[in-house]
Amino acid sequence: MDRPLRLVTANPLDQLARTLEALLVVASAPLPVEELVAATDDDPERVEMALGLLSERYREGRSGIVLEQVAGGWAFRASRDAAEACGRLFERPVQRGLSQASLETLAIVAYLGPVTRPEIARIRGVAADSAVAGLVERGLIAEAGRDDGVGGAIKYRATPLFERVFGLESLSQLPRLDDVAGDVDELRERLHAVADQRSA
Amino acid sequence: MIVRELELDLDAFEGPFDLLLTLVLKEELELGDIDIAGIVVRFVERLAEREELDLDACGEFLVLVAALLELKARGLFEDEAAELADLEPEEAAEELARRLAEYRRMKEAAGWLAERLEGERDRFFRIGPAPLAPQPERKLAPQQPDQLAEVIRLLAKEPPVVSLNHMALRFPPVSQFLTRFRALLQRRSRFDFDAELDGLSRAEQAVAFLALLELRRVDEITISQAAPFAPIRVIRTGEESAAADERTTAWTVRSA
């Protein structure tokens, strides 16, 4: 796959690829294909092909800059080889670890969002106010409108930064969680056994 | 430390915590007979024996004991339990199982996120103020243009002119009152200061008082007052009656 660069230069997509490179290096957030299409005023299919060429050129192990599909768009990041050096100079968005309460709250917002704080509290069984505030401050979740009901509680959703930090192309990449239900079935059976005795 | 393996030695029960839970769930053990405080004490003792604080165990224990306490409370207060239990037992069990399942799933998800975060430790990328992030839309309630016009009309009305009368206080000369009081004292040996001020403006009253002080300074009059805020009596010098003296003394003594 290590094609000589001469072939790429000869490719008619080369000019487009260079423009895309420029757009991506200026961007501070992942750029969706539609935006790249609009900015280059080119054909979506050709943009996709050019992005394919670029991601081959900027891939892990070949370049210090890596082009990746993340958070619903395309973005450059540092190669993992350079992580140590980067760590000496820069801070990651989630440098300090997240507490169990924060992780659970983040999971609920990522999987079920947009959700309100009362909904989060209902699932976790404890108030989520400080966890939510901390995650908003870190930029991992953000406000997403208000509930239609009385009082109109603020709803929260996971941000593109969340997807980037966790290296997800989109929230649909989160693993399915139905597989962990085994334990729960046993619990349900026990509860139902109690219920049967009660009603009998 | 595994909470379920906690060995208990209570009046009504002896054995591991897990067995107690099972028996309670199967209703083979009356929760009303169980000393829950005893369980807590046992757990705290076990905790104290260990050097480290096991937060996971504490959390699990708290959840279990809270559930036990709630069950016991409902058992002890049947009437209130009836009010709360709008749900059929099957429904309640299903609801509880559903909630527990949901929380369990989210806990799993949180675990996955924690692993993922650890695995992605070496991600470095540029972050900016994200100008492309969509702003949450704030919906406006239905508006009434007529009401808006009404309010704007109120705002557009010329405000009333602010009175500046108090800015230009006109003080009459003190001499005017000196002349007036001296003329008065030629006719009468004494007069009531407050009565003389009747109908004068505040500023004029102040000037009149200055005139009074001036007359006192040059020793043309004696001033007496029965009590603070009582009428001020003005007496021409040399005309003080014994009664007036008495009154002055009385006030001096009272106020001292």
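Student: What tells us how confident the predictor is in the complex and in chain B?

Tutor: For the complex, the predictor gives an ipTM of 0.76 and a pTM of 0.50. For chain B, the mean pLDDT is 78, and 84% of its residues reach 70 or more. Over residues 249-256 of chain B, however, the pLDDT is below 50, and this stretch has 3 contacts in the model beyond near neighbours in sequence. Where pLDDT is low, the predicted coordinates should not be read in detail.

Student: Why is A:L168 called buried?

Tutor: A residue is called buried if 20 or more other C-beta atoms lie within 10 Å of its own. A:L168 has 21 such neighbours inside 10 Å, so A:L168 counts as buried. This residue is found in the loop between α9 (160-165) and α10 (182-199) of chain A.

Student: What does A:L168 touch, once its neighbours within four places in sequence are left aside?

Tutor: With those set aside, A:L168 is in contact with A:V70, A:E163, A:Q173 and A:L174. A:L168 and A:Q69 are 99 residues apart in sequence, while their C-alpha atoms are 8.3 Å apart in space.

Student: How do you know whether B:F229 is buried or exposed?

Tutor: By the cut-off of 12 or fewer, B:F229 counts as exposed, because it has 8 C-beta neighbours inside 10 Å. B:F229 lies in the loop between β4 (221-225) and β5 (232-236) of chain B, and although it is not a glycine, it has a positive phi of about 70°.

Student: How do you know that the length of helix α6 of chain A agrees with its number of residues?

Tutor: The expected span is 1.5 Å times one less than the number of residues. Helix α6 (residues 100-112) of chain A has 13 residues and should therefore span 18 Å, and its end C-alpha atoms are 18 Å apart, which agrees. Among the buried residues of α6(A) are A:L103, A:L106, A:I108 and A:V109.

Student: What makes the buried residues of helix α7 of chain A lie on the same side?

Tutor: The buried residues of helix α7 (residues 117-124) of chain A are A:I120, A:I123 and A:R124. They cover an arc of only 90° around the axis, so they are on the same side of α7(A). These buried residues pack against α6, β3 and α8 (129-138) of chain A, together with α5 of chain B. Just after α7(A), A:G125 takes a positive phi of about 80°.

Student: Why are β3 and β4 of chain A said to stand at the edges of their sheet?

Tutor: The sheet is open, with 3 strands of chain A in the order β3-β5-β4 and antiparallel pairing. β3 (115-116) and β4 (141-146) each have a single partner strand, so one side of each is left without a neighbour in the sheet.

Student: What makes β3 and β4 of chain A partners of β5?

Tutor: Two strands pair if at least two bridges are found between them. β3(A) is joined to β5(A) by 2 bridges, with A:T116 opposite A:K155. β4(A) pairs with strand β5 (residues 154-158) over 4 bridges; A:A142 has A:R157 as its bridge partner, and A:R146 has A:I154.

Student: How many residues does each chain bring to the contact between chain A and chain B?

Tutor: Chain B brings 38 residues and chain A brings 48 residues. On the side of chain B that touches chain A, helix α5 (residues 89-119) gives the most, with 22 residues. By class, that side of chain B has 23 nonpolar, 1 polar and 14 charged residues.

Technical notes: Residues numbered from 1 in each chain as written. Chains lettered and ligands numbered in written order. Predicted model: local features only at pLDDT ≥ 70, side-chain atom pairs only at ≥ 80, totals over all residues. Contact = placed C-beta atoms within 7 Å. Nonpolar A, V, L, I, M, F, W, Y, C, P; charged D, E, K, R; others polar. pLDDT = per-residue confidence, 0-100. Arc of directions from axis to C-beta.
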